Amino acid sequence: MRVHSHRNRLGPRLIPLVGKLVAFSLDVLKSQARAGASGASALISGAYSTLEGLFSSVPTFIGGQLDKVFAAALSPELMSLSRVKGASAAKARAALLSTAAKKLPAKALYPAIIRLHASLDGKEREPLLGLLDLLNRTLRYGKTADVGSNYRAIFKLFLAVFDLRRVHAAELDDDDIVAIEDNALGAFVQFILKLNEQLFRPLFLRTYDWAVIDLAENGDAASTGIADPGLVARRTVLYKVVDRLLGQLRSIFVPYFSFMLDQTVELLDAAAKGDVRDPDLWQAVASALGKSFEYDESGASFLSLPS
């Protein structure tokens, strides 16, 4: 598998071979995944490098193959095997994702990521972490205009991932949920950094409504009480989002905590009465509240709605 090393010399001559090279590389990856621990690290790395070479050399002509490549590269079997086989396989997979984020056209890349997410059942940690890794890299290297053109679909993906704490609590253990949310929050920050104020403000308010209002209004919660598990799960994520944005944007984001004041007072009152005892929620509330005071430089913006 020398495509990666010879890509500069082959250039456009690779175009007629794209389909065959992708199919061959995926066959190698799948066969090594079936072999498990006995799989050859060199073959896994070589297959990843071949695909990376195609992404780099002929990015415009590989769009039709992205679903197959991402589904294979981010499958639980291959992600686990990459760790078992050591640094070389994991490094080759990371290089593949970085090259995809840097080289592939946004009009093909973002829809492929959305389709990849839609294909996942949300019950397994590894595929979600792989997806979020790819999304993080794509947002980090992506152009602001491209992110703006796809922001609705990207935001919808984030809300779905953030809802895993509520929807798949039975299938995912606490460590899995924390790892997925941490990676999702890292990607979400990259997303927010590419948005202007006119796009960000309504998305933040929509996130607030999603966490505080939607379940109760739609009758999806078991009750409208503040201790309802679904509401607690979403509000935990909301405060984790706010905490991460405060940590990244500091005083710039502090005025947005004004939208959280009534909700925060309600939760603190519930804590005093012993109505809500969820430790994850209280940790998120305490951390976000502490940062809002720490980074409030004006002394007044914290209590004033953003204009």
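Buried means under 20% relative accessible area, exposed means over 50%, and partly exposed lies in between (1.4 Å probe, protein chains only). By that cut-off Phe162 is buried, at 2% relative accessible area. This is a predicted model, in which local features need pLDDT of at least 70, side-chain atom pairs count only at pLDDT 80 or more, and totals for chains, interfaces and linings use all residues. Residues are numbered from 1 along each chain as its sequence is written, and side-chain values use heavy atoms, with hydrogens and water left out.

**Aromatic pairs**

- Rings of Phe, Tyr and Trp (its six-membered ring) pair if their centres lie within 6.5 Å; planes under 30 degrees apart count as stacked, over 60 as edge-to-face and the rest as tilted.
- By this rule the count comes to 14 aromatic pairs.
- Phe158 and Phe162 form a stacked pair, with 6.1 Å centre to centre and 25° between the planes.
- Both residues lie in helix H10 (residues 151-162), four residues apart, about one turn of the helix. Helices are DSSP runs (H or I, at least four residues), numbered from the N terminus.
- Phe158 is buried, with a relative accessible area of 0%.
- Phe158 also pairs with Phe191; this pair is tilted, at 5.6 Å centre to centre and 35° between the planes.
- Phe191 lies in helix H12 (residues 174-193) and Phe158 in H10, so the pair ties together parts 33 residues apart in sequence.
- Phe191 is buried, as is Phe158.
- One aromatic cluster is formed by Phe200, Phe204, Phe253, Tyr256 and Phe259.

**Helices H16 and H17**

- The axes of H16 (residues 261-273) and H17 (residues 279-294) come within 12 Å and cross at roughly 130°. Axes are lines fitted to C-alpha atoms over the stretch in contact, and angles run from 0 to 180 degrees between N-to-C directions.
- H16 and H17 are therefore oblique to each other; angles under 35 degrees count as roughly parallel, over 145 as roughly antiparallel, 65 to 115 as roughly perpendicular and the rest as oblique.
- H16 contributes Thr264, Leu267, Leu268 and Ala271 to the contact, and H17 contributes Leu281, Trp282, Val285 and Leu289. Contact means heavy atoms within 4.5 Å.
- The contact residues divide into seven nonpolar, one polar and no charged. Ala, Val, Leu, Ile, Met, Phe, Trp, Tyr, Cys and Pro count as nonpolar, Asp, Glu, Lys and Arg as charged, and the others, Gly among them, as polar.

**Thr99**

- Thr99 sits in helix H6 (residues 87-103).
- At 10% relative accessibility, Thr99 counts as buried.
- Leaving out residues up to four places away in sequence, Thr99 touches Glu52, Phe55, Ser56 and Leu104.

Definitions and conventions. Helix = DSSP H or I, 4+ residues; strand = E, 2+ residues; numbered from the N terminus.
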